[in-house]
Amino acid sequence: MNNKRHFNTILVTGGAGFIGSHVVRRLLTAHPDSRIVNVDLLTYAGNLSNLDDIPALAGENRYRFVHADIADGDMMRRVIAEEKADAIVNLAAETHVDRSIVDPGSFARTNVLGTMSLLNAARAVWEASPEGYEGKMYYQISTDEVFGALGEGDAPFCETTPYNPHSPYSAAKSSADHFVRAYHDTYGLPVLISNCSNNYGPNQFPEKLMPLVINNIKHGRDIPVYGRGLNIRDWLYVTDHAEAIDTILHNAAAGSTYCVGGNNEQRNIDIVKALIAVTDRQLGRPAGSSDRLITFVTDRKGHDLRYAIDSSRLQNDLGWKPATTFAEGLEKTVAWYLDNTRWLDDITSGEYARYYERMYGSR
Ligand code: NAD
Ligand code: TYD
C-alpha cells in the first residue's frame, strides 16, 4: 500500500522501551527518507541496548537519541522546534499494572501530565510555524485496558466501546486519551489514537508475564500465576504492532482511532504451559520438566478478567493484519530470551532483583 503522507522528522518517545525500540527500527527501515528523534528518560524500563543495531541501520543523520523527560515542557518545545518534528508518536509511559497498584502517582505524572506537556509543546511549536498544523500529526499509543474488563461471553472491544478503566495504569492511560481528543476538538490539533492488546516478543522488561516466565523456567524458579490463571488476554507479536503504528501514522485520517489486536485470546495458565513446553524443548530438557514450577499465588487486586479486541476497522480501512502466528511468535520470543543471555542477565540484576523479591519473595 502506498502511504498517504510522509514525515521528514518523526519524534518517537519511549523509544528505548519494549515497543518503542521496535517502532524506531520499523520507521527507520520502512521510511528511508525520514529522520527519527528518540526521546526517552531511561527509567528502569528504558534500555539503550534495545537499540544497539540502530546507528548502523540509520546511517548518518537519520537518528538522534535525546535523554529527556516528556513532562519537561520547555525541553519538549525545544526538541520539537530544533528538530522541526512534523510527527510525534508518544509511547513514553509507566506501563506495569502491578507497579501502578503500589505507586499510582507516578502513573498520573508520566502518563497524564507527561502527555499534556507533549500536547502543549506540539501546539506551541506547530501553531507558531508558517504552515500551522498542515502536514503535522500527534499520535498517542494507548491500550485496550482503557475499556475495562469483559465477561466470558461479551463481544470484543472496538473503537466505540466506552472507556471504563479499573487499574491506576488504565485510568492514567484513559485520562491521557481524553486530553488527546480534547486537544483535537478544542484546538484542532491533528491527532491519532490506537488501543492495542498485550504485546509480546523480544526486548520486553521481564516484570511482564512472558519474559518473567521464560526467565524463571531457565533458572528453575517458581512461576507465579495470579489467582487460578483463568484471566484472558489478547496477544499480539510486537513487530506486528510496530507495523500497525507505522500504517496508522502514515495513512489514518486525523482525529481517528483504531483498535489493534492479534485475534488471539489466551488464558494465562495456557500461556504459561505453552511457554514451558517451548522453553524446555529449546533448552533440550525432557518435556514437562518445568511443570512443577507452576505456583498459584494471591491474585492481583482488581484483576481484569478478560480483554479481547476487534481490529476489523484497521483491517478494512488500512489493510493491516497480524503477520505472525502465535505458535511462530512464541518460538521466536523464547529463542530471543535464551539467546540474549547478556541482555537478560543485565536487566534482571539490580533494581529488578529488588522488585522481584518485593513481589514474590526469594523463589
Ligand atoms: P516500556 O515500559 O517497556 O517502555 C516505556 C519507555 O518509556 C521506557 O523506555 C522508559 O524509559 C520511557 N519513559 C518512561 N517515562 C518517561 C518519561 N517521563 N519521559 C520519557 N520517557 C519515559 O513500555 P512498552 O510496553 O513498550 O509500552 C509502550 C507504550 O505502549 C506505552 O504507552 C503503553 O501504555 C503502550 N501499550 C503497551 C502494551 C504492552 O503490551 N506492552 C499494549 C498496549 C499499549
Ligand atoms: P502483564 O504482563 O503484567 O500484562 P497486563 O497486566 O497489562 O495484561 O500480565 C499479563 C497477565 O498475566 C495478567 O492477567 C496478569 C498475569 N500475570 C501472572 O499471572 N503472573 C505474573 O507474574 C505476571 C507478571 C502477570
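**Exercise 1. Determine which polar backbone atom lies 3.0 Å from a nitrogen atom of ligand 1, and describe the surroundings of this ligand.**

*Solution.*

Step 1. The nitrogen atom of ligand 1 lies 3.0 Å from a polar backbone atom of Leu 41. A polar contact is a pair of N or O atoms within 3.5 Å; within protein, one atom must be able to donate a hydrogen and the other to accept it, and residues adjacent in sequence count only if both atoms are side-chain atoms.

Step 2. A polar backbone atom of Gly 17 is 3.0 Å from an oxygen atom of ligand 1. For the side chain of Lys 173, an N or O atom is 2.7 Å from an oxygen atom of this ligand. Ligand 1 taken alone exposes 830 Å², and the protein buries 97% of that. Such accessible areas come from the Shrake-Rupley method with a 1.4 Å probe; for residues, only the protein chains shown count as cover.

Step 3. The model is predicted: local features need pLDDT of at least 70, side-chain atom pairs count only at pLDDT 80 or more, and totals for chains, interfaces and linings use all residues. Residues are numbered from 1 along each chain as its sequence is written, chains are lettered from A and ligands numbered from 1 in the order in which they are written, and side-chain values use heavy atoms, with hydrogens and water left out.

Step 4. Ligand 1 is surrounded by 28 residues, the closest being Ile 19, Asp 40, Thr 95, Tyr 169 and Lys 173. A residue is near a molecule or strand if one of its heavy atoms lies within 4 Å of it. With 3 residues, β5 gives the most to this shell around ligand 1.

**Exercise 2. State which residues are closest to ligand 2, and identify its contacts with Glu 145, Tyr 226 and Tyr 360.**

*Solution.*

Step 1. Among the 17 residues around ligand 2, the closest are Glu 145, Pro 224, Arg 233, Arg 300 and His 303.

Step 2. Glu 145 places a polar side-chain atom 2.6 Å from an oxygen atom of ligand 2. Tyr 226 has a polar backbone atom 2.9 Å from an oxygen atom of the ligand, and for Tyr 360 an N or O atom in the side chain is 2.9 Å from an oxygen atom of the ligand. Taken alone, ligand 2 exposes 510 Å², of which the protein buries 97%.

Step 3. The largest share of the shell around ligand 2, 3 residues, comes from β8. Both α7 (209–219) and β8 (223–226) supply at least two residues each. Helices (H or I, at least four residues) and strands (E, at least two) are DSSP runs, numbered from the N terminus.

**Exercise 3. Decide whether Asn 195 and Asn 231 are buried or exposed, and locate them.**

*Solution.*

Step 1. Asn 195 sits in strand β6 (residues 191–196). Asn 195 counts as buried because its relative accessibility is 1%. Buried means under 20% relative accessible area, exposed over 50%, partly exposed in between (1.4 Å probe, protein chains only).

Step 2. The side chain of Asn 195 makes a polar contact with the side chain of Tyr 163, at 3.5 Å.

Step 3. Asn 231 belongs to the loop between β8 and β9 (232–237). Asn 231 is likewise buried, with a relative accessible area of 7%. Its C-alpha atom is separated by 29 Å from that of Gly 15, 216 residues apart along the chain.
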